[in-house]
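Me: I'd like to learn how to read a folded chain, feature by feature. Could you walk me through one?

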Amino acid sequence: MQLSRQASTAPAARFRLRELSGGLGAEVLGLQVADVDDATFPALYAAFLKHQLLLFRDQDLPPAVQVAFARRFGEVQVHVMDQYRASQYPELYTLTNLDASGRPSGKHPDRGTLAWHTDGSWQRITGQATMLYAEQIPSSGGGTGWADMYSAYEALVPAEKAKLAKLRAVHNLNFSRNRRHGEDPMTEAQRTAVPPVDHPIVRTHPETGRKCLFLGDHAESIVGMDYAKGRAFIEALNERIVAMARIYNHRWRARDFMLWDNRCLLHKAESYDTAHEPRVIRRCTVLGEVPAP
Ligand SMILES: [Fe+2]
């Protein structure tokens, strides 16, 4: 357990942690993300694994610093939906409802985010961490919720754990986008780049060794199950696992930075008045690994 030894002895525990409401996630106090260095990082990474979700308030975080911080976690995804890329930084994905003149356009940038999902589950190598930085936030709505998939797994009875451990779900970005909104359809090149992939529904977190559920809105069908039955199964299971999970709902402030572990959390965005209120969020997702049962 080299990581925890480093975490407890690092002279750079220059921050404090305060649990968020409901016990899921923690706020990091007394630290600017821009000041994280090699000495600080191990303790911060240990907190990320333990609390799954970290909030930093009042951050000065230029795009280049956000990308450099994300690289400490691993390889940063360059998203297949290239129309969202911030021009100078292909690793940044900008979620904005502003038009070219800077006014609210009335269009939500990605309505797929309004359903519970985990980032990048539609790839063989799925998302490890996602990091959001809030540039502009609406006066109401536009929050984000997270659901703890360790707690959902642990709430299952042993027979259901055993049943789910045998199942794999097919995740497909083209499916989830089309079914939720059908706007801005994927090009043929984008679809070819990310064909459907299957993952275990019960996965073992590669770093904590804990089991959790891995499903969400990109899951389309169940391997070896009739398509319609699989659809109904996934819909019902997604609803149940969120109902069983510990939840944290965040009310954003401008200059908030949020970092979370996609391997053991689902998340979803809350709607807002896209015609009258600005919401601009900068996102990076770090790639993790192929999920293992
Ligand atoms: Fe997401």
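**Reading the fold**

Reply: Let's start at one spot: Tyr 227 sits in helix α8 (residues 227-244). Helices (H or I, at least four residues) and strands (E, at least two) are DSSP runs, numbered from the N terminus. This is a predicted model, in which local features need pLDDT of at least 70 and side-chain atom pairs count only at pLDDT 80 or more, while totals for chains, interfaces and linings use all residues. Residues are numbered from 1 along each chain as its sequence is written, and side-chain values use heavy atoms, with hydrogens and water left out.

Me: Is Tyr 227 buried, exposed or partly exposed?

Reply: Buried means under 20% relative accessible area, exposed over 50%, and partly exposed in between (1.4 Å probe, protein chains only). Tyr 227 has a relative accessible area of 42%, so it counts as partly exposed.

Me: And what does Tyr 227 touch?

Reply: Contact means heavy atoms within 4.5 Å. Not counting residues up to four places away in sequence, Tyr 227 touches Phe 175, Glu 220 and Ser 221.

Me: Okay, zooming out: how many helices and strands does the protein chain have?

Reply: Eight helices and 16 strands. The C-alpha trace spans about 55 × 50 × 35 Å along its principal axes. Buried residues make up 54% of the 293. Among contacts between residues at least 6 apart in sequence, 83% join residues at least 24 apart.

Me: Which residues touch the most other members of the largest nonpolar core?

Reply: A nonpolar core is a set of buried Ala, Val, Leu, Ile, Met, Phe, Trp, Tyr and Cys residues joined through side-chain atoms within 4.5 Å. The largest one here has 29 residues, and Phe 73, Met 131 and Leu 259 touch the most other members. Elements giving two or more residues to this core include α2 (41-51), α3 (63-73), β6 (127-136) and β14 (257-261). The top contributor is α2, with seven residues. Apart from this core lies another, of 25 residues, among them Trp 116, Tyr 150, Leu 167 and Leu 266.

Me: What is Phe 73 in contact with, beyond its sequence neighbours?

Reply: Leaving aside neighbours within four places in sequence, Phe 73 contacts Phe 41, Tyr 45 and Phe 48, plus Gln 128, Ala 129, Met 131, Leu 259 and Val 286.

Me: How many residues of α2 are buried?

Reply: Nine of its eleven, so to speak a mostly covered helix. Those buried residues include Phe 41, Tyr 45, Phe 48 and His 51.
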